[in-house]
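This briefing goes through one protein model, topic by topic. Please look over the sequence and the structure before reading on.

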Amino acid sequence: MTTETAETSPTAPSGLVRAIPGILLLVVIGVVGVALQAGVRELGAATGTRLPDVEYVLWAILLGLLVRNTIGVAPVFRPGVASYEFWLKIGIVLLGARYLLGDLVKLGGLSFVLILIDMAVATTVILLIGRWLGLGGKLSSLLAIGTSICGVSAIIAGRGAIGADDEDSGYSIAAILALGAVALFSFPAIGHLLQLSDLQFGLWAGLAVDNTAETTATGAAYSPAAQDVAVAVKNTRNALIGVVVLGYAAYWATRGGRAIASTGRERAVFVWATFPKFVLGFLAVAALGTIGFFSGADKTSLGNLSKWAFLLCFAGVGLNFDLRALSRSGWRPLIVAAAGLVVVAACSLGLVLIASPALGAAP
């Protein structure tokens, strides 16, 4: 999967024309995904057969995955396809209209404590297993950063901060993306098996799934309410990226790594540079909704726009996932990341079941 961020994606005006074919491809795959979900439902109703209700989220990702790994993505489509992270961030910002700041503070305060526990567990498990399997310290650090915070974005920030090489970052990104795909398809099934509420599942997905795109898709595959909670919790995790990466940078600076920030001002600049700005947009829109700036019709319209933005993102997730790149990454980073996911998923699920009654009704 590409690691290009929204800031460098070709959706700026200068690259808009080049991006159009790929964006149209995202739209087509997304629309087909919606049609497939509706078609399967209609077929089941017409035949009286209980068919699996696969959400459009998963259809869009599966279709994109099929295209990428069979016929491939032609160069003319790649600029627009690479914009999927831009649509993810637009969708999250618009989704803010569905929240009240009081609910976010309540949810964010509890999830912050759980995130800190998960981070400690993930870091300990991954570093220990990485050492046992003979992985380099920086590769293990990148896997720990990606698992505990926000996947690919955290790995990219960590790579430069600790002076890791391209091979280490490539291995860790491939492993994190592979495990994100596993979580996307397995978490909803586990959630339904355990009969988790929307609140419980959203909190679990927000805590345990690494990449923001996969977290959003996992929540959406369970229910819209679960997606709302998952996005809010994931934004809390995302907000910690600068502080966590700075901590790893300080550690590796004492071991001959790259020293990136020696003064308080430099550290503050680094944290701000790595901070995901779309989280501020999400909070700003939530603040406007809280003071009554949006009417009921406005919130409905913004919600529909958010769904379309997410649909483009989900199609792009599949189109950017190259199974061949995963096979080249080797098995050891994948095992370490898998162990981290299993431990974090189990730990966070236990924490959610214990802590969710404190939240009452879902936001």
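Two residues are in contact when heavy atoms of theirs lie within 4.5 Å. On that basis, residues 24 or more positions apart supply 83% of the protein's contacts with a separation of 6 or more. The model is a predicted one. It contains 17 helices and zero strands, and 51% of its 363 residues are buried.

**Nonpolar cores**

- The largest nonpolar core holds 102 residues, and within it Phe187 and Trp204 touch the most other members.
- Leaving out residues up to four places away in sequence, Phe187 touches Phe201, Trp204, Ala208, Val209, Thr218, Leu341 and Ala345.
- Another core, of five residues, lies apart from the largest one; Leu94, Ala97, Val285 and Leu302 are among them.

**Helix H10**

- Helix H10 covers residues 212-222, and because eleven of its eleven residues are buried, the helix is largely enclosed by the rest of the structure.
- The buried residues of H10 include Glu214, Thr215, Thr216, Gly219 and Tyr222.
- The partners against which the buried residues of H10 pack are helix H2 (56-68), helix H4 (84-95), H8, H9, helix H11 (224-238) and helix H15 (296-319).

- How many salt bridges does a search of the whole structure find? There are two salt bridges.
- One of the two joins Asp228 and Arg98, with the closest N and O atoms 2.8 Å apart.
- This pair links distant parts of the chain, since Asp228 sits in helix H11 and Arg98 in the loop between H4 and helix H5 (101-132), 130 residues apart.
- Is Asp228 buried or exposed? Asp228 counts as buried because its relative accessibility is 9%, under the 20% limit.
- Arg98 has 33% relative accessibility and therefore counts as partly exposed.
- Besides Arg98, Asp228 touches Leu95 and Tyr99, not counting residues up to four places away in sequence.
- The other bridge joins Arg237 and Asp210, where the closest N and O atoms are 4.0 Å apart.
- Arg237 is in helix H11 and Asp210 in the loop between H9 and H10, 27 residues apart, and this pair also links distant parts of the chain.
- Both Arg237 and Asp210 are buried.
- Gln227 is also located in helix H11, and it counts as buried because its relative accessible area is 7%.
- Which residues is Gln227 in contact with, leaving aside its neighbours within four places in sequence? They are Tyr99, Thr216, Gly219, Ala220, Phe310 and Phe314.
- Thr216, Gly219 and Ala220 are buried residues of H10.

- The loop between helix H8 (166-194) and helix H9 (198-208) contains Gln195.
- Gln195 is not a glycine, yet it has a positive phi of about 55°.
- Gln195 counts as exposed because its relative accessibility is 70%, over the 50% limit.
- Gln200 is in helix H9, and with a relative accessible area of 17% Gln200 is buried.
- Apart from residues up to four places away in sequence, Gln200 touches Val352, Leu353 and Ser356.
- The C-alpha atoms of Gln200 and Leu349 are 8.4 Å apart in space, while the two residues are 149 residues apart in sequence.

**Helices H6 and H7**

- The axes of helix H6 (residues 137-148) and helix H7 (residues 152-162) come within 8 Å of each other and cross at roughly 145°.
- The crossing of H6 and H7 is right-handed.
- H6 contributes Lys138, Ser141, Leu142, Ile145 and Gly146 to the contact, and H7 contributes Ala154, Ile155, Gly158, Arg159 and Ile162.
- By class, the residues of the contact of H6 with H7 are five nonpolar, three polar and two charged.
- In general, residues three or four places apart on an α-helix point the same way, because the helix has 3.6 residues a turn.

Key:
Residues numbered from 1 in each chain as written. Predicted model: local features only at pLDDT ≥ 70, side-chain atom pairs only at ≥ 80, totals over all residues. Heavy atoms only, no water. Core = buried A, V, L, I, M, F, W, Y, C linked by side-chain atoms within 4.5 Å. Buried < 20%, exposed > 50% of the residue type's maximum accessible area, 1.4 Å probe, protein only. Helix = DSSP H or I, 4+ residues; strand = E, 2+ residues; numbered from the N terminus. Axes fitted to C-alpha atoms, helices over the stretch in contact; angles between N-to-C directions. Left-handed = near helix turned anticlockwise from the far one by under 90°. Nonpolar A, V, L, I, M, F, W, Y, C, P; charged D, E, K, R; others polar. Salt bridge = Lys/Arg side-chain N within 4 Å of Asp/Glu carboxyl O.
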